[in-house]
Amino acid sequence: MKRLIWILCFCLPLLSAGAQGLKRADAAQSKAMIERINKTASGIHSIDCRFTQVKTLRFLDDEMTSEGRMLFMADGGRLRWEYQRPYNYTFVLNGDKAYMRSGQGRQQTVNVSQSRLFQGIAEVMMNSVTGKGLTTSSDFSCQMYTSGDEWQAVLTPKRKEMKKLFKDVTLHFSSTKQMVTKVVMTEQSGDTTVITLKDVKTNGRVDEKMFAAL
Amino acid sequence: MRRCLLLCSLLLMVVAGVSAMEPQTAVSGDYLLPLSGRQQYSVTIDARGAEITGVCIVKTNDEGTRGAIVNEFGIHALDFTLSADRRKVRLENVMPMMDRWYIRRILRKDLRLLFGATAPGLLKSGRTITVSDDGTVVLKNARYKLNYSLKKINDTTE
């Protein structure tokens with residue numbers, strides 16, 4: 001009897017996990033999900049949130065965790081991605097310009113429109129924030145999945161340059177809020193970078209100076 | 001003649017045996033980049049004006065050191081191993097854009113000099129190593145116009 005209880009104890013969590021497993025959305029479901037995500041994204045003018053980034057390093061059998069703040073303004077497609085711990089690094093995307101400043105105070109400006117690779121990375125970052133434009137991307141193909149109260153959009157790179165960087169990028173959405181909660185970037189080597197967004201405040205006031213050249 | 005050949009081969013066997021038995025333990029002395037347990041460095045590589053920044057994570061045990069360089073967003077650049085005596089660097093999983101034999105050769109040599117240096121100054125092949133007041137170790141490779149800066153990241157903030 002004791003053995004039976006033990007077996008049940010082990011099996012029940014497995015069964016519930018199975019019930020929460022990934023299900024590939026069919027064409028109609030995908031369309032409906034993407035429409036809802038786009039509708040929610042259209043209503044978002046600004047986002048101010050914190051994020052945690054965990055990078056797995058299989059070669060070292062280790063993880064690297066960093067934290068920071070993210071600001072987004074839909075007007076002009078502006079984004080500020082700022083790492084605050086354990087290192088300082090700021091990335092600002094403002095129109096076709098990307099500004100970067102490292103902790104050692106070095107600054108760099110890149111014209112995004114002149115680099116196909118940078119355009120791809122900028123697109124991943126902007127998509128990762130709102131989920132908007134999942135089906136219109138020329139750089140990624142998108143497949144939707146459902147998993148319990150979560151939706152997932154698996155973006156697979158189409159272009160050679162992006163394929164070298166990522167195997168896929170998975171955006172996790174809350175099915176109730178239709179907003180991105182987590183981004184998982186998987187490299188060809190199998191190493192992953194997981195970015196979790198938290199303390200998300202939408203449509204609050206964001207200082208425009210935060211997107212100025214660094 | 002036969003005796004001479006015998007002596008030579010005996011001598012070679014002894015020399016080979018001794019060198020094979022040489023322990024691969026760390027060379028005594030203070031390195032500019034001390035390694036123990038797990039450490040993180042902020043890294044900047046300036047290659048002919050183009051700058052790459054990121055984080056170098058190194059883990060050390062009795063067998064040697066394993067390291068990885070990733071950019072701040074987590075995109076992986078390369079992995080490497082460093083022998084316990086810091087004389088050998090082996091590159092692993094180099095990102096496709098950098099995976100060229102001539103780039104690997106320069107990187108391997110520069111990493112070996114960075115981690116193996118015990119004092120600032122002029123090194124062989126036109127390379128110079130300096131340590132700034134804030135502890136940043138800089139290797140300048142004049143021949144290929146490459147600068148490497150490594151600064152230790154504390155647990156809390158940079």
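User: In what order do the nine strands of the open sheet in chain B stand?
Analyst: In this predicted model, nine strands of chain B form an open sheet with antiparallel pairing. Read from β5 across to β6, the order is β5-β4-β3-β2-β1-β9-β8-β7-β6.

User: Which residue of β9(B) stands opposite Thr44(B)?
Analyst: Strand β1 (residues 37-47) of chain B pairs with β9 (residues 146-152) of chain B in the antiparallel sense, over seven bridges. In this pairing, the residue of β9(B) opposite Thr44(B) is Ser149(B).

User: At about what angle to β5(B) does helix α2 of chain B run?
Analyst: Helix α2 of chain B spans residues 101-116. It lies across β4 (76-83), β5, β7 (127-131), β8 (137-141) and β9 of chain B. Relative to β5(B), the helix runs at about 130°.

User: Which are the edge strands of the open sheet in chain A?
Analyst: Twelve strands of chain A form this sheet, with antiparallel pairing, in the order β1-β8-β9-β10-β11-β12-β2-β3-β4-β5-β6-β7. Two of them pair on one side only: β1 (23-24) and β7 (107-111) of chain A.

User: What angle does the direction of helix α2 of chain A make with that of β8(A)?
Analyst: Helix α2 (residues 27-42) of chain A packs on the sheet. The strands touched are β8 (140-147), β9 (150-157), β10 (168-174) and β11 (179-186) of chain A. With the direction of β8(A), the helix makes about 100°.

How values were computed: Residues numbered from 1 in each chain as written. Chains lettered and ligands numbered in written order. Predicted model: local features only at pLDDT ≥ 70, side-chain atom pairs only at ≥ 80, totals over all residues. Pairing = 2+ DSSP bridges. Helix = DSSP H or I, 4+ residues; strand = E, 2+ residues; numbered from the N terminus. Contact = placed C-beta atoms within 7 Å. Axes fitted to C-alpha atoms, helices over the stretch in contact; angles between N-to-C directions.
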